[in-house]
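Let's take a walk through this structure together. Have the sequence and the 3D view side by side, and we'll go from one residue out to the whole chain and back in again.

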Amino acid sequence: MTDEATKGASTCRVVRAGQTFTGKQALSYTPAISAESVGARGIHLQLVTIPPGAKAKAHKHAAHETALYVLSGTSGMWYGEGLTEHLEANAGDFLYIPADMPHQPYNSSPSERCVALIARTDPNEQESVVLLPELDGVHG
């Protein structure tokens with residue numbers, strides 16, 4: 001990081017996608033904008049890929065909101081206390097998840113992956129992830 005960046009000064013920049021990794025939630029993430037990459041203080045932007053038939057571990061993001069745009073495929077998501085609520089988001093849909101909302105996204109397609117762009121108010125993305133193992137078996 002430059003001296004300017006460490007002093008909190010900002011500038012515009014193009015960021016190439018970072019190395020894909022498996023997050024705590026057991027999904028594949030490709031980070032781009034974050035505290036680490038550009039010194040962001042209030043946002044994180046990345047891609048998530050849910051393979052055919054896969055599901056995330058039940059989790060929430062402590063004190064951070066999430067917004068997604070589904071680029072391809074379809075994702076179902078169980079959410080709410082006890083994961084009793086359900087929705088489905090298709091390519092072209094936007095999705096909002098409030099802070100501290102338990103959720104478990106999944107891909108029910110046997111052949112098509114789901115790819116979405118995620119924006120979160122946590123610039124360190126994985127730090128706010130709180131796994132909820134007591135909810136993992138609720139829906140198979």
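**Starting from Leu-135**

Apart from neighbours within four places in sequence, Leu-135 is in contact with Ala-58, Gly-82, Leu-83, Pro-102 and Gln-104, where contact means heavy atoms within 4.5 Å. You'll find Leu-135 in the segment after strand 11 (129-131). Leu-135 is buried, because its relative accessible area is 13%; buried means under 20% relative accessible area, exposed over 50%, and partly exposed in between, with a 1.4 Å probe and protein chains only. For a sense of distance, take Thr-66: it sits 69 residues from Leu-135 along the chain, and the two C-alpha atoms are separated by 20 Å.

Before going on, a word on what you're looking at: this is a predicted model, in which local features need pLDDT of at least 70 and side-chain atom pairs count only at pLDDT 80 or more, while totals for chains, interfaces and linings use all residues. Residues are numbered from 1 along each chain as its sequence is written, and side-chain values use heavy atoms, with hydrogens and water left out.

**The whole chain**

Now zoom out. The protein chain has two helices and eleven strands, and from the N terminus on they run α-β-β-α-β-β-β-β-β-β-β-β-β. Helices (H or I, at least four residues) and strands (E, at least two) are DSSP runs, numbered from the N terminus. The C-alpha trace spans about 50 × 30 × 25 Å along its principal axes. Of the 140 residues, 38% count as buried. Among contacts with a separation of 6 or more, 70% are between residues 24 or more positions apart.

Six of the strands make an open sheet in the order 1-2-3-10-5-8, with antiparallel pairing. Strand 1 (21-22) and strand 8 are the edge strands, each pairing on one side only. Two strands pair if DSSP finds at least two bridges between them. Strand 3 and strand 10 run antiparallel and are joined by seven bridges. Look along that pair and you'll see Val-48 opposite Ala-116 in strand 10.

Next, strand 6 (residues 74-79) and strand 7 (residues 85-90): they run antiparallel too, with six bridges joining them. Tyr-79 has Glu-85 in strand 7 as its bridge partner. The two strands form a hairpin with five residues between them, and Gly-80 in the turn has a positive phi of about 90 degrees.

Most residues other than glycine have a negative phi. So which alanines go the other way? Ala-26 has a phi near 75 degrees; it lies in the loop between strand 1 and strand 2 and counts as partly exposed, at 39% relative accessibility. Ala-63 has a positive phi of about 65 degrees; this residue is in the loop between strand 4 and strand 5 and is exposed, with a relative accessible area of 59%.**The spaces inside**

A search of the whole structure finds one cavity of 30 Å³ or more. On a 1 Å grid over the protein atoms alone, a cavity is a set of points where a 1.4 Å probe fits but cannot get out, while a pocket is an open set with protein on both sides within 12 Å along at least five of seven lines; lining residues have an atom within 4 Å of a point. The largest cavity holds about 230 Å³ of space. Grid points are joined across faces, edges and corners, and a volume is the space filled by probe spheres set on the points.

Of the 22 residues lining the largest cavity, Val-48, Leu-68, Ile-97, Pro-105 and Ile-118 are the closest to its centre. Strand 10 gives the largest share of that lining, four residues. By class, the cavity lining has 15 nonpolar, six polar and one charged residues. Ala, Val, Leu, Ile, Met, Phe, Trp, Tyr, Cys and Pro count as nonpolar, Asp, Glu, Lys and Arg as charged, and the others, Gly among them, as polar.

Last stop: the largest pocket, with about 220 Å³ of space. Its lining has 14 residues, and the closest to its centre are Phe-21, Pro-31, Ser-34, Glu-36 and His-44. Strand 2 (28-33) and helix 2 (35-38) are the elements that give two or more residues to this lining. The pocket lining has five nonpolar, six polar and three charged residues.
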